[in-house]
Amino acid sequence: MIGHLALPAGVDRRPAVLLGPEGTGLSDVERRRADALAELGYVALAFDLHGGRYLGDPEEMLARCMPLLADPDRMRGIGHAALDVLRIEPRTDPDRIAAVGYGTGGAIALELGRDGVNLRAIATVNGLITGRPGEAARICCPVWAGVGSEDPIMAPAQRDAFTAEMQAAGVDWRLVVYGGALHAFHHPPVDHTVRPGVGYHPRHAQRAWRDVVALLAECLPVTD
């Protein structure tokens, strides 16, 4: 696995963010997001899903991601491996870490919470995946979720199941539905074929980023 670590200015320990990519894998989009978080004062690690590969072919991506999304233990293994790297970074305050993920990366962030990892916040965009019964009760931090209203992959039934799981577990949760947005609405256009129902919505992409940053400011403030 080959991730991207972004460090803030200075030499002191700072709060940290684990950043998970869409199912296609780590790209310059996530690298730029990690760099932006570092500019805000966070240590940020954008983690890898496919051993350094980016899967531009939708069929290949699905062939790899669908079994992964059906295997909570494997998702947790990837998440813990990345989290271990982030924790041992000398600039990281290991007691002040949040997990932010998009699509498959968001599902991994949620699985870390369901595994009882001590996180300060979890944000998932387009990754409203339900877990094994009862395990959401182990989530010990606020959860923010974002989804497009026209997302056929995270359809209303999927949203309802996710919110019912969070509510039943007593999680401090929020769901923002961005009107008119498709799946992966936050991701700028790419030069390869995408699945039906995928599309960029620049205005909502900016709003979702601001919502994620606001969550971090609330739950994981950067102090001088």
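**Notebook: salt bridges, rings and surface**

I started with Glu165 and Arg114, whose side chains meet in a salt bridge at 2.9 Å, N to O. Glu165 lies in helix H5 (residues 156–168) and Arg114 in helix H4 (residues 104–114), so the pair ties together parts that are 51 residues apart in sequence. I counted a salt bridge where a side-chain nitrogen of Lys or Arg is within 4 Å of a carboxyl oxygen of Asp or Glu. Helices (H or I, at least four residues) and strands (E, at least two) are DSSP runs, numbered from the N terminus. Both Glu165 and Arg114 are buried. I took buried as under 20% relative accessible area, exposed as over 50%, and partly exposed as in between (1.4 Å probe, protein chains only).

A note on the model: it is predicted, local features need pLDDT of at least 70, side-chain atom pairs count only at pLDDT 80 or more, and totals for chains, interfaces and linings use all residues. Residues are numbered from 1 along each chain as its sequence is written, and side-chain values use heavy atoms, with hydrogens and water left out.

**Network**

I looked next at Glu135 and Arg132. Their side chains meet in a salt bridge at 3.3 Å, N to O. Glu135 counts as buried, at 16% relative accessibility. Arg132 counts as partly exposed, at 30%. Salt bridges that share partners join Asp73, Arg76, Glu111, Arg114, Asp115, Arg132, Glu135, Arg138 and Glu165 into one network.

**A loop-to-loop bridge**

How many salt bridges does the structure hold? I found 13. One joins Asp12 to Arg91, with the closest N and O atoms 3.7 Å apart. Asp12 sits in the loop between strand S1 (4–6) and strand S2 (14–20), and Arg91 in the loop between helix H3 (72–88) and strand S4 (92–102), so the pair ties together parts that are 79 residues apart in sequence. I checked cover at both ends. Asp12 is partly exposed, with a relative accessible area of 33%. Arg91 counts as buried, at 9% relative accessibility.

**Rings**

I found one aromatic pair in the structure. Tyr178 and Phe185 form this pair, which is tilted, with 5.1 Å centre to centre and 45 degrees between the planes. Rings of Phe, Tyr and Trp (its six-membered ring) pair if their centres lie within 6.5 Å; planes under 30 degrees apart count as stacked, over 60 as edge-to-face and the rest as tilted. Tyr178 counts as buried at 4% relative accessibility. Phe185 counts as buried at 0%.

I also looked at Arg33. Arg33 lies over the face of Tyr102, 4.1 Å from the ring centre. The test is NZ of Lys or CZ of Arg within 6 Å of the ring centre and within 35 degrees of the ring normal.

**Whole chain**

I read six helices and seven strands in the protein chain. Along the sequence the pattern is β-β-α-β-α-α-β-α-β-β-α-β-α. The radius of gyration is 16 Å, close to the 17 Å that the globule rule gives for 224 residues, so the chain is as compact as a globular protein of that length. This radius is taken over C-alpha atoms; the rule is 2.2 Å times the number of residues to the power 0.38. The C-alpha atoms fill a box of roughly 45 × 40 × 35 Å along the principal axes. Buried residues make up 52% of the 224 residues.
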